[in-house]
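Below is what I looked up, in the order I got to it.

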Amino acid sequence: MKKNSECHLSTNMAASQARPRRSLNLASLVLLAFFATVAMLAFSRPSVEAQTKAQTSKATSAPVGNAQKGKKLFASYGCYECHGHAAHGGVGPQIGPDPIPFSAFLAYVRHPSGNMPPYTAKVASDQDIADIHAFLASLPRSPKAKDIPLLNQ
Ligand code: HEC
């Protein structure tokens with residue numbers, strides 16, 4: 001009996017090969033659709049989350065700069081060498097007072113497009129750059145020409 005059933009199985013194998021394969025294909029299609037859905041969910045959800053996170057962190061977590069520290073960093077990082085001690089410019093342009101908005105400032109310092117050397121996050125932290133930005137923002141503005149008595153005599 002046993003031998004017989006084995007024989008039955010093996011001869012049937014060849015004949016019924018087409019069927020298991022077709023059902024396998026169907027199964028793999030269903031699996032594929034399942035994984036595609038899971039993947040779509042998995043990839044779309046976090047990216048939306050990441051986007052909103054990035055937006056909120058942009059809005060809330062820009063480091064608060066300390067002008068006193070920034071003054072020291074402006075010297076120790078050598079910004080003054082090109083931008084001048086009062087940031088009025090030299091080899092580099094004037095960058096203070098009234099520096100460009102912090103996000104643009106940080107982006108430029110990290111990836112300058114011209115002759116300025118880049119300052120990576122390893123060299124200068126976001127906090128350091130925020131301090132320098134605060135220092136630049138704290139610099140006194142030049143008086144208007146009409147407010148300088150000598151020029152109005
Ligand atoms: C070796 C010279 C050099 C040093 C050092 C340097 N810069 Fe610059 N920087 C430049 C030059 C030149 C430019 C003009 C654009 C360019 O060529 O990259 C510039 C442009 C900039 C700008 C863009 C100004 C604008 O209005 O678009 C910012 C901001 C800036 N520098 C900040 C800094 C800060 C902060 C430091 C110090 C951490 C620094 N730079 C150090 C040479 C320098």
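Before counting anything, I wrote down what "buried" means: a residue is buried if 20 or more other C-beta atoms lie within 10 Å of its own, exposed if 12 or fewer, and partly exposed in between. By that rule, 14% of the 153 residues of the protein chain count as buried. I also noted that this is a predicted model.

**Entry 1: the overall layout**

I looked up the secondary structure and got 6 helices and 0 strands for the protein chain. Going along the sequence, I read the pattern α-α-α-α-α-α. Then I checked contacts between residues at least 6 apart in sequence, and 66% of them join residues at least 24 apart.

**Entry 2: H3 against H6**

How do the axes of H3 and H6 cross? I found that helix H3 (residues 67–76) and helix H6 (residues 126–138) have axes that come within 7 Å and cross at roughly 100 degrees. That makes H3 roughly perpendicular to H6, because angles from 65 to 115 degrees count that way. Sorted by class, this contact has 6 nonpolar, 3 polar and 4 charged residues. On the H3 side I listed Ala67, Lys69, Gly70, Lys71, Leu73 and Phe74. Their partners in H6 are Asp128, Asp131, Ile132, His133, Ala134, Phe135 and Ser138.

**Entry 3: the nonpolar core**

Next I went for the largest nonpolar core, which has 15 residues. Phe74, Val109, Ile129, Ile132, Phe135 and Leu136 touch the most other members. H3, helix H5 (102–110) and H6 each give two or more residues to this core, and H6 gives the most, with 6.

Is aspartate 126 buried, exposed or partly exposed? I counted 16 other C-beta atoms within 10 Å, so aspartate 126 is partly exposed. Not counting residues up to four places away in sequence, aspartate 126 touches Pro63 and Leu106. Arginine 110 is 16 residues away from aspartate 126 along the chain, and their C-alpha atoms are separated by 9.6 Å.

A reminder to myself: most residues other than glycine have a negative phi, and most peptide bonds are trans. With that in mind, I noted a cis peptide bond joining glycine 96 and proline 97, with omega about -5 degrees. Proline 97 is in the loop between H4 and H5.

Alanine 87 is also in the loop between H4 and H5, and its phi is near 65 degrees, a positive value. Alanine 87 has 21 C-beta neighbours inside 10 Å, so I put it down as buried.

Aspartate 98 has a positive phi too, near 55 degrees, and I found it in the loop between H4 and H5. Which label does aspartate 98 get, buried or exposed? Aspartate 98 has 10 other C-beta atoms within 10 Å, so it goes down as exposed.

How values were computed:
Residues are numbered from 1 along each chain as its sequence is written. This is a predicted model: local features need pLDDT of at least 70, side-chain atom pairs count only at pLDDT 80 or more; totals for chains, interfaces and linings use all residues. Axes are lines fitted to C-alpha atoms, for helices over the stretch in contact, and angles run from 0 to 180 degrees between N-to-C directions. Helices (H or I, at least four residues) and strands (E, at least two) are DSSP runs, numbered from the N terminus. Angles under 35 degrees count as roughly parallel, over 145 as roughly antiparallel, 65 to 115 as roughly perpendicular and the rest as oblique. Two residues are in contact if their C-beta atoms, placed from the backbone, lie within 7 Å. Ala, Val, Leu, Ile, Met, Phe, Trp, Tyr, Cys and Pro count as nonpolar, Asp, Glu, Lys and Arg as charged, and the others, Gly among them, as polar. A nonpolar core is a set of buried Ala, Val, Leu, Ile, Met, Phe, Trp, Tyr and Cys residues joined through C-beta atoms within 7 Å.
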